[in-house]
Amino acid sequence: MNLIRYQAPDSAPWSTLDRWSSLRDELNSFLDMPFWSGFGRTGQLFTGWSPALDLYETGDHFVAVVELPGMRKEDIDISLHDGALTISGERKRESTNGETAQRSERYVGTFRRSIALPTRVDATKVSATYQEGILKVTLPKAEEAKPKQIQVS
Amino acid sequence: MNSLTRETREADRGQAEQFVMPPASVTEIADGYMLEIEMPGVKKDGLDISVENNELTVIGRRSLPAVEGTPIHRESRPEDFRRMFEIDPSIDADKISAKIDQGLLTLTLPKAEHVKPRKIAVS
């Protein structure tokens with residue numbers, strides 16, 4: 001999934017989108033070749049939406065922070081499976097009555113991000129907030145995964 | 001003609017402050033344009049929208065949630081957002097309005113009265 005989002009850390013911020021649009025154009029022209037013509041949807045693999053995800057760790061919990069601007073809370077799904085956190089959802093196209101798009105860089109459609117958690121978490125105590133377009137998921141570690149203090153007697 | 005979308009990007013170079021260019025969409029609506037810019041982590045107070053010499057500049061300063069703990073995986077960028085557009089002369093700069101909801105900034109840019117199509121009744 002990182003295929004789409006990866007940015008070389010030393011690249012200047014203002015050039016980032018330029019580089020991506022030219023890469024995307026190259027991929028699109030590649031996909032336009034006759035061999036691919038029967039696989040119209042293949043292009044989705046390369047143009048999908050891969051929201052930025054950060055993960056933080058403290059002694060007793062993890063916090064995942066995902067940038068999801070302009071979503072509705074109801075359209076975001078959070079799930080835990082086999083030690084991996086998955087955040088998925090769909091951004092729906094607003095009604096387009098008599099409107100003409102002149103430029104659309106904003107991705108509309110579904111997305112899915114997964115990240116393996118380094119230790120087990122207590123699935124029953126996971127909580128999440130969504131503010132200013134940022135989803136914050138707090139995942140308390142399972143009892144056995146918390147650091148233990150051992151007293152010297 | 002008719003396009004709000006010409007971008008001015010060169011001005012970014014050589015300035016000390018660094019910005020990220022957020023994704024934007026431009027839609028032509030009934031009597032003007034709608035411009036949407038993705039600015040996750042930006043609140044109303046963090047926005048700075050200005051028009052000068054037909055150039056619209058939008059700056060969004062992020063107030064990211066404080067998260068305790070050690071970052072063990074990071075993809076987000078800490079820089080603030082900036083995007084510039086050259087606006088079409090048909091737009092009435094005094095009537096531009098803006099709102100931000102869940103990190104999505106929506107600007108409405110109405111056309112000036114004198115350029116709107118007018119129906120002329122035959123008497």
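Predicted model: local features only at pLDDT ≥ 70, side-chain atom pairs only at ≥ 80, totals over all residues.
**Figure 1. Order of the secondary-structure elements in chain A.** Chain A holds three helices and eight strands. Read from the N terminus, the elements follow the order α-α-α-β-β-β-β-β-β-β-β. Of the 153 residues in chain A, 18% are buried. When contacts between residues at least 6 apart in sequence are considered in this chain, 53% of them link residues at least 24 apart.

Figure 2. With neighbours within four places in sequence set aside, A:Val108 makes contact with A:Arg91 and A:Arg93. A:Glu143 lies 35 residues from A:Val108 along the chain, and 40 Å separates the C-alpha atoms of the two residues.

**Figure 3. The contact between chain A and chain B.** Chain A contributes 32 residues to the contact, and chain B contributes 39 residues. On the side of chain B that touches chain A, two or more residues come from each of β1 (19-20), β2 (24-29), β3 (32-38), β4 (42-52) and β6 (70-73) of chain B. The most is given by β2(B), with six residues. Sorted by class, this side of chain B comprises 17 nonpolar, twelve polar and ten charged residues.

**Figure 4. Strand pairing between β5(A) and β2(B).** The two strands run antiparallel and are joined by four bridges. A:Arg103 has B:Val26, in β2(B), as its bridge partner.

**Figure 5. The largest nonpolar core and another core apart from it.** The largest nonpolar core has 18 residues, of which B:Leu35, B:Ile37, B:Met39, B:Ile87, B:Leu105 and B:Leu109 touch the most other members. At least two residues of this core are supplied by each of β2, β3, β5 (55-62), β7 (80-86) and β9 (104-110) of chain B. With four residues, β9(B) gives the most to this core. Another core, of 15 residues, lies apart from the largest one; among its members are A:Phe62, A:Met71, A:Ile134 and A:Val137. In soluble globular proteins, nonpolar side chains tend to be buried together.

Definitions and conventions:
Residues numbered from 1 in each chain as written. Chains lettered and ligands numbered in written order. Contact = placed C-beta atoms within 7 Å. Buried ≥ 20, exposed ≤ 12 C-beta atoms within 10 Å, placed from the backbone. Nonpolar A, V, L, I, M, F, W, Y, C, P; charged D, E, K, R; others polar. Pairing = 2+ DSSP bridges. Core = buried A, V, L, I, M, F, W, Y, C linked by C-beta atoms within 7 Å.
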